Amino acid sequence: MEKISVVICAYNPNKAIFERVINSLQNQTLELEYWELLIIDNNSSFPISDWLTINWHPQARIISEAKPGLINARNRGTIEAQYDYIISVDDDTLLCDNYLELVQKIYSSDPTLGIIGGRSTPIYLEEPPKWISQFNSLLAIRDLGEIEIVQQLNQERPTEYPTISPILIAPRKKCMEEYISFFENSLISKSLGRKGTSLASGEDNDINMFIYAKGYKIGYFPDLKFEHIIPPFRTTKKYLAKMAYESNRSWVKMLTNHDINPWQKIKSNTVLLRQAKAFFTYQAWRDAKNYIKWRGACGRFKGLSEL
C-alpha cells in the first residue's frame, strides 16, 4: 500500500488553531503506519517544538527551516519527505477524517496524476460581512461541485492557467522534485510568495502551473474536503485589500513565468496614473467591496511594471 507524507508549513501559527489542525490529523482513518507527519517550522519567533506535542505519531518530526518564505518551507518538506505523495496542510486548515485515505486511493488508481486537490469551506470565527463570498479566492475557499474533474495538457505548451488547480496542494513527490530544479533556476519563482508578515502569494500557483505544463494530470476531487479557519481580521477591508494587491501583483509574475501572461509589461512611471484612473473605474470610494477590487487592480499594475 502506498504511503503518504503530510507536510505542514508554519510561521508563528496561532496555537489554538494549530492544535485544531493537529487534532484533525489525529482523527484520520488511515493507519499511522501508512503516513508520516512533518512540521516545517519556518523560523517562528517561538519554536513550535517548545509547545507542541506530537508524540502520538511514531513518524512525526518538527523540522526547522531558517530560510524565510513559504516556498522554502515547501521545498524543505519535499526534501525531507520519505514517501511518494505529499499532502500540504496549512496551519489553519482541518482535513476531513478520511482525507489521507482518499488521497492514497486516488493516486493508486491513476499513476499519471501529478497533483490533486479538493474543495474547501470556511469556518468563520466571527460573522463575516455579507459580501465576503465575492472574495472567496483570497481566502482559499472553493467548491467546484460534486463531479471529479481531471485535466491534462493536450498540446505542446499551455495557454492559460487551469481553473481546477488545487488550492491545498497534494502533489506527487517526483513532481515536486522536478519543480525544485525549476525553482532554483527561476528568478521569478524566487520572487513569488509569502515571507514573514507579507501577504504575497503565488508559490502554489507556480507549482500547479509547472506540473501541468510538464504534462502531468491535475485533478479536482470533491470528496477531498477541508475547512479553512478564518479569524476576524482576515475578513476586514484592510486585510483583504492588502491581500488583493499582493495576490494580483504576484499573479501576473507567475503567469509571465510560464509564458501565459495576457497583459503587456507597462512602464513604472505610468503606474500611479493607471491606479488613479482605476479608482474612478471601480468607484473605490463607494464601499469596501469596490475598494478591495480597486486594490487588486493596483496590484496588477504594479506587477506588470516589475516584469
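At what angle do helix 2 and helix 4 pack, and how far apart are their axes? Helix 2 (residues 70–80) and helix 4 (residues 173–184) pack at an angle of about 130°, and their axes are 10 Å apart.

## Basis of the description

The model is predicted: local features need pLDDT of at least 70, side-chain atom pairs count only at pLDDT 80 or more, and totals for chains, interfaces and linings use all residues. Residues are numbered from 1 along each chain as its sequence is written, and side-chain values use heavy atoms, with hydrogens and water left out.

Helices (H or I, at least four residues) and strands (E, at least two) are DSSP runs numbered from the N terminus. Axes are lines fitted to C-alpha atoms, for helices over the stretch in contact, and angles run from 0 to 180 degrees between N-to-C directions.

Four strands form an open sheet in the order 3-2-1-4, with parallel pairing. Two strands are taken to pair if DSSP finds at least two bridges between them.

Strand 1 (residues 4–10) pairs with strand 2 (residues 35–41) in the parallel sense over seven bridges, and isoleucine 4 stands opposite tryptophan 35 in strand 2. Strand 1 also pairs with strand 4 in the parallel sense, over six bridges; here valine 7 stands opposite serine 88 in strand 4. Strand 4 (residues 85–90) has five of its six residues buried, so it is largely enclosed by the rest of the structure. Buried means under 20% relative accessible area, exposed over 50% and partly exposed in between (1.4 Å probe, protein chains only).

Contact here means heavy atoms within 4.5 Å. Helix 2 lies across strand 1, strand 2, strand 3 and strand 4, and runs at about 145° to strand 2.

Helix 2 and helix 4 are oblique to each other; angles under 35 degrees count as roughly parallel, over 145 as roughly antiparallel, 65 to 115 as roughly perpendicular and the rest as oblique. Helix 2 passes helix 4 in a left-handed crossing, a term used if the near helix is turned anticlockwise from the far one by less than a right angle, with right-handed used if clockwise. From helix 2, Ile71, Asn72, Asn75, Thr78 and Ile79 meet Lys173, Met176, Glu177, Tyr179, Ile180 and Phe183 of helix 4. The residues of this contact divide into six nonpolar, three polar and two charged, where Ala, Val, Leu, Ile, Met, Phe, Trp, Tyr, Cys and Pro count as nonpolar, Asp, Glu, Lys and Arg as charged, and the others, Gly among them, as polar.

## Packing around helix 9

Helix 9 (residues 288–305) meets helix 8 (residues 271–281), with axes that come within 9 Å and cross at roughly 160°. That makes helix 8 roughly antiparallel to helix 9, and their crossing is right-handed. Val271, Arg274, Gln275, Ala278 and Phe279 of helix 8 meet Trp294, Cys298, Phe301 and Ser305 of helix 9. By class, this contact has six nonpolar, two polar and one charged residues.

The axes of helix 7 (residues 237–257) and helix 9 come within 7 Å and cross at roughly 30°. Helix 7 is therefore roughly parallel to helix 9, which helix 7 passes in a right-handed crossing. The residues in contact include Leu240, Ala244 and Asn248 of helix 7 and Tyr291, Arg295 and Gly299 of helix 9. By class, the contact of helix 7 with helix 9 has 11 nonpolar, four polar and five charged residues.

Helix 6 (residues 203–213) is mostly covered, with nine of its 11 residues buried. Among them are Asp206, Met209, Phe210 and Tyr212. Glycine 215, which follows helix 6, has a positive phi, near 100°.

Tyrosine 124 is found in strand 6 (residues 113–124) and, at 23% relative accessibility, counts as partly exposed. Leaving aside residues up to four places away in sequence, tyrosine 124 touches Ile132, Asn136, Leu139, Ile230 and Thr235. The C-alpha atoms of tyrosine 124 and leucine 100, 24 residues apart along the chain, are separated by 24 Å.
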